[in-house]
Amino acid sequence: QVHLVESGGGSVQAGGSLRLSCAASGSIVSINAMGWYRQAPGKQRELVASITNGLPTNYADSAKGRFSISRDNAKNTVYLQMNSLKPEDTAVYYCSANIQTIFNGRNDYWGQGTQVTISS
């Protein structure tokens, strides 16, 4: 059993910052890619940023220059630092990770989502 638990969402004014965290726990052997997605009301879920050991980080155009993804492999945790937030960043943010597990092979796992609301 593997769980991803997100934290750090909330409500801030435009121009503000938030830092999201996502910790993976359970029967983990190794974690390959980790990433953050978001889904705004009435829109499809979209990739915000991803990070894979040994590869360059990847950002959506809307996140470049404002967001920064990082990970702590010792803690099985991925972070998303979001600066210069805009109202259009309002969405539910989901963490995802590709995890090699002890009993169930390699699978993609998702967190429960954390709400980010940016007011103008």
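Me: Why does Asp89 count as buried?

Reply: In this predicted model, the relative accessibility of Asp89 is 1%. Buried means under 20%, so Asp89 counts as buried. Asp89 is found in the loop between strand 8 and strand 9.

Me: Which residues does Asp89 touch, not counting residues up to four places away in sequence?

Reply: Asp89 touches Arg38, Arg66, Phe67, Ser84, Val116 and Ile118.

Me: What makes Arg38 and Asp89 a salt bridge?

Reply: Their side chains meet at 2.9 Å, N to O. Arg38 lies in strand 4 and Asp89 in the loop between strand 8 and strand 9, so the pair ties together parts that are 51 residues apart in sequence.

Me: How many salt bridges does the rule give, and which residue pairs with Lys64?

Reply: The count comes to 4 salt bridges. Lys64 forms one with Asp61, with the closest N and O atoms 3.2 Å apart. Asp61 counts as exposed because its relative accessibility is 65%, and exposed means over 50%.

Me: What is noted about the phi of Asn76 and of Ser84?

Reply: Most residues other than glycine have a negative phi. Asn76 has a positive phi of about 50° although it is not a glycine. Ser84, also a residue other than glycine, has a positive phi near 50°. Asn76 sits in the loop between strand 7 and strand 8, and Ser84 in the loop between strand 8 and strand 9.

Me: Why is Ser84 called partly exposed?

Reply: Its relative accessible area is 41%. Buried is under 20%, exposed is over 50%, and partly exposed is in between, so Ser84 is partly exposed. Asn76, with a relative accessible area of 24%, is partly exposed as well.

Me: Which residues have the most contacts inside the largest nonpolar core?

Reply: They are Trp36, Leu80, Met82, Tyr93 and Ile99, in a core of 31 residues. Elements giving two or more residues to this core include strand 1 (2-7), strand 4 (28-39) and strand 8 (77-82). Strand 9 gives the most, with 5 residues.

Me: Why does Ile102 count as exposed?

Reply: The relative accessibility of Ile102 is 51% and the limit is over 50%, so Ile102 counts as exposed. Ile102 lies in the loop between strand 9 and strand 10 (106-110). With Val29 and Phe103, Ile102 makes a nonpolar surface patch of about 350 Å².

Me: What does the side chain of Tyr59 reach?

Reply: The side chain of Tyr59 reaches the backbone nitrogen of Ile69 at 2.9 Å. Tyr59 lies in strand 6 (residues 58-59). Leaving aside neighbours within four places in sequence, Tyr59 is in contact with residues including Val48, Lys64 and Phe67.

Definitions and conventions
Residues are numbered from 1 along each chain as its sequence is written. This is a predicted model: local features need pLDDT of at least 70, side-chain atom pairs count only at pLDDT 80 or more; totals for chains, interfaces and linings use all residues. Side-chain values use heavy atoms; hydrogens and water are left out. A nonpolar core is a set of buried Ala, Val, Leu, Ile, Met, Phe, Trp, Tyr and Cys residues joined through side-chain atoms within 4.5 Å. Buried means under 20% relative accessible area, exposed over 50%, partly exposed in between (1.4 Å probe, protein chains only). Helices (H or I, at least four residues) and strands (E, at least two) are DSSP runs, numbered from the N terminus. Patches are made of residues with over 30% relative accessible area and no salt bridge: like charges are joined within 9 Å, nonpolar side chains (Val, Leu, Ile, Met, Phe, Trp, Tyr) within 5 Å. Accessible areas come from the Shrake-Rupley method with a 1.4 Å probe; for residues, only the protein chains shown count as cover. Contact means heavy atoms within 4.5 Å. A polar contact is a pair of N or O atoms within 3.5 Å; within protein, one must be able to donate a hydrogen and the other to accept it, and residues adjacent in sequence count only if both atoms are side-chain atoms.
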